[in-house]
Amino acid sequence: MSSLNTASHDADPLIACHACDALLREAPLASGGRARCPRCNAVLTAGPAFSIDGVIACAFATIALLGAALFLPFLSLSAAGLEKDATLMDAARAAGRSFGPLAIAVAAVIAAAPLSRAIALLYVLIPLRLGRTAAPGARTAFRYTINARPWSMVEIFIIGVIVSLVKVAGLASVGLGAAFWIFVCLAGIAFFEDAALCRRSIWRMLG
Amino acid sequence: MSMDAASPPPKVRTARSVGLKGCRSCGRAMPVAATRCTRCGVRMPAGARLGLDAVWAWLIAGIILYIPANLYPMLLTGRFGQTNGSTIIGGVFELIGYGSYAIAAIIFFASVVIPIGKFWVIAHLAVMVRRRANNPNRDPHNALLLYEIVEFIGRWSMIDVFVVAVLAALIQMGYLSTVTAGPAAAFFAVSVAATMLAARAFDPRLIWDGAETGQNRDSQGMQRGTS
């Protein structure tokens with residue numbers, strides 16, 4: 001049962017291209033190539049980079065690194081003789097005092113969204129990897145990981161941090177802490193995870 | 001350029017032409033009457049295509065919110081007892097003044113070019129699919145590419161919101177006592193989110209329905225020579 005080739009379907013399921021509605025037979029997973037729609041050329045499967053192990057590794061790394069990044073110094077600030085390390089938690093608490101909704105929105109897109117996505121991915125993929133039947137609610141959880149992806153904005157946050165450091169260059173001297181570099185790693189991990197995650201293959205395995 | 005004649009686009013049946021519809025979540029072909037996908041369990045909207053109502057609703061909300069996002073200040077700077085607000089564009093000119101041309105270009109692109117480009121492209125696509133009958137020869141590949149670019153790039157507009165959030169946090173920690181966040185940050189963030197939802201609400205299959213008609217015409221023998 002764990003082999004991808006011996007799926008319990010009697011025939012390859014019919015799918016419709018998400019972009020142009022072309023009716024297609026879903027190719028067997030073992031082919032591994034990057035499949036494109038013959039009509040509109042939209043990418044249908046992730047291709048040779050598809051790797052459940054890769055996605056699981058990325059999800060574990062995201063949880064561990066994000067957990068650490070919240071409590072390690074993000075910026076070191078010095079202005080008017082004061083010098084202090086600030087973690088993201090400090091920043092969120094400070095911003096939350098007078099910019100509540102903004103702080104909550106930022107916390108949601110840089111921490112809650114990537115963290116919850118990683119947990120949901122593990123919940124869906126680990127049983128599949130072990131050749132067990134899908135966990136209860138796995139389909140809902142996997143849909144969540146897809147829908148939450150655009151709202152996980154770690155890579156955009158990094159650019160925002162760099163721009164704000166340039167803006168305050170004259171007013172305070174700000175150094176980058178370990179947590180900033182962890183965020184850079186998280187953006188890289190998200191990039192690899194996107195490449196390794198083939199939605200169509202996972203849906204096929206979920207049945 | 002001349003390869004088109006050698007490799008005509010393959011004739012592919014659409015799901016709709018045989019009474020099916022593809023699940024937007026997992027791709028599985030389901031009967032048009034289905035209300036829930038049997039594979040991924042997502043609720044499926046009635047009919048073979050999504051309408052444009054949600055696209056226009058999110059798009060108009062995004063455009064309306066983008067106006068106060070530009071009129072109100074993103075950042076308020078206090079100096080000598082006076083409060084000066086800097087709008088999105090004002091912030092760009094400030095950065096040019098500091099000589100930070102690259103950063104000014106990033107902010108201008110993320111906060112002005114991308115949002116306005118998105119408004120234009122989504123409106124253009126929504127109008128185009130309604131008028132598709134008048135343009136049977138329009139290449140749907142280009143329209144699809146345009147749609148994919150808009151869907152991919154939209155989130156990057158949030159850069160300026162993060163800038164305000166980081167500065168706001170620095171202020172509260174007592175390092176930049178002269179700067180506070182302005183109301184435009186909220187308008188801008190919600191405007192960007194609304195256009196992200198507008199792009200997601202758009203059904204790219206509508207782009208190809210026009211091509212379907214053109215294909216049928218060709219298959220009925222209306223072959224025309226290349227002009």
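## Contacts and make-up of chain B

Two residues are in contact when heavy atoms of theirs lie within 4.5 Å. With that in hand, let us look at chain B of this predicted model: among its contacts between residues at least 6 apart in sequence, 67% join residues at least 24 apart.

Chain B has 8 helices and 5 strands, and along the sequence they follow the order α-β-β-α-β-β-α-α-α-α-β-α-α. Of its 227 residues, 47% count as buried. The accessible surface of chain B is about 11,600 Å², with 62% of that belonging to carbon and sulfur atoms.

## Aromatic pairs

Over all chains, the structure holds 12 aromatic pairs. One of them joins Phe74(A) and Phe157(A) in a tilted arrangement, 5.8 Å centre to centre with 40 degrees between the planes. This pair links distant parts of chain A, 83 residues apart: Phe74(A) sits in strand S3 (residues 73-79) and Phe157(A) in helix H5 (residues 154-167). Both Phe74(A) and Phe157(A) are buried.

Ring pairs also bring these two into a cluster with Phe180(A), Trp181(A), Phe183(A) and Phe162(B).

## Nonpolar cores

Phe183(A) turns up again in the largest nonpolar core, which has 90 residues; there, Cys17(A) and Phe183(A) touch the most other members. Helix H4 (residues 101-130) of chain B gives this core its largest share, 12 residues. Another core, of 28 residues, lies apart from it and includes Ala120(A), Leu121(A), Trp203(A) and Met44(B).

Leaving aside neighbours within four places in sequence, Phe183(A) is in contact with Leu66(A), Ala69(A), Phe74(A), Leu88(A), Ile110(A), Val154(A), Phe157(A) and Ile158(A).

Terms used. Residues numbered from 1 in each chain as written. Chains lettered and ligands numbered in written order. Predicted model: local features only at pLDDT ≥ 70, side-chain atom pairs only at ≥ 80, totals over all residues. Heavy atoms only, no water. Phe/Tyr/Trp six-rings, centres within 6.5 Å; stacked < 30°, edge-to-face > 60°. Helix = DSSP H or I, 4+ residues; strand = E, 2+ residues; numbered from the N terminus. Buried < 20%, exposed > 50% of the residue type's maximum accessible area, 1.4 Å probe, protein only. Core = buried A, V, L, I, M, F, W, Y, C linked by side-chain atoms within 4.5 Å. Areas by Shrake-Rupley, 256 points an atom, 1.4 Å probe, with all protein chains shown as cover.
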